[in-house]
Amino acid sequence: MMGDTKKLLELFNEKAPIAQLFGMKLSFDDQKNARIHLPYNPNLDHALGLVHGGIYATMLDNAGWFTVAGHNENNNFWIATTEMSIHFLLPAKQTELVAIGKIIKLGKRQSIAEMSLFDGNDNLVGHSTGTFMQLSNVAM
């Protein structure tokens, strides 16, 4: 399944309960970098009316995970996020969000990705790096 963007699109857009709950959609660019799009949803705001930081983290993690998955041609493993560092740069208020992943290093067992989160005005509101490990003993 990894590397097959059509199957990855189906996995996220049609089968992932969190994507459906939040309203997120996955797409890929020509370089197989994942793009996670989230229309504004007031149910994802915190008490002060800004998008909750957990939404930033979820979108950035998914952008990294699916970017790594899209770049791996081996389909005999599952990928796990093993580390992620997030910089919350700006608050997002009543705006759509887009997270974009990019490979920093693609490895046989471990890969590193960089993820950026933009608001509807193309302001960089969050930035992250993540480490993703291929697990061969996890059923898909």
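Q94 counts as exposed, because its relative accessibility is 56% (exposed means over 50% relative accessible area, buried under 20%, and partly exposed in between, with a 1.4 Å probe and protein chains only). The model is predicted: local features need pLDDT of at least 70, side-chain atom pairs count only at pLDDT 80 or more, and totals for chains, interfaces and linings use all residues. Residues are numbered from 1 along each chain as its sequence is written, and side-chain values use heavy atoms, with hydrogens and water left out.

- Q94 sits in the loop between β3 and β4 (strands are DSSP runs of E with at least two residues, helices are runs of H or I with at least four, and both are numbered from the N terminus).
- Although Q94 is not a glycine, its phi is positive, at about 45°.
- K32 is likewise not a glycine and has a positive phi of about 65°.
- K32 belongs to the loop between β1 and β2, and its relative accessibility of 26% makes it partly exposed.

**Strand β2 and its partners**

- β1 and β2 run antiparallel and are joined by 4 bridges (two strands pair if DSSP finds at least two bridges between them).
- Their hairpin has 5 residues between the strands.
- Within this pairing, L26 has I36 of β2 as its bridge partner.
- β2 also runs antiparallel to β4, again with 4 bridges, and H37 stands opposite V98 in β4.
- A34, I36 and L38 form the covered face of β2, while R35 and H37 form the uncovered one.

**Nonpolar core**

- In soluble globular proteins, nonpolar side chains tend to be buried together.
- The largest nonpolar core has 32 residues, of which F12, I36, L38, M59, F66, L97 and L117 touch the most other members (a nonpolar core is a set of buried Ala, Val, Leu, Ile, Met, Phe, Trp, Tyr and Cys residues joined through side-chain atoms within 4.5 Å).
- Elements giving two or more residues to this core include α1, α2 (17-22), β1 (25-28) and β2 (34-38).
- α3 provides the largest share of this core, 9 residues.
- Not counting residues up to four places away in sequence, I36 touches residues including F12, M59, N62 and L97 (contact means heavy atoms within 4.5 Å).
- N62 lies in helix α3 and is buried, since its relative accessible area is 13%.
- Beyond its neighbours within four places in sequence, N62 is in contact with F12, M24 and I36.

**Pocket and cavity**

- On a 1 Å grid over the protein atoms alone, a cavity is a set of points where a 1.4 Å probe fits but cannot get out, and a pocket is an open set with protein on both sides within 12 Å along at least five of seven lines; lining residues have an atom within 4 Å of a point.
- Grid points are joined across faces, edges and corners, and a volume is the space filled by probe spheres set on the points.
- The largest pocket has a volume of about 210 Å³, and its lining residues include F12, N62, W65 and F66.
- α3 (53-71) is one of the elements that supply at least two residues of this lining, and α3 gives the most, with 4 residues.
- The structure holds 1 cavity of 30 Å³ or more.
- The largest cavity has a volume of about 40 Å³, and among its lining residues are L38, Y40, T95 and L97.
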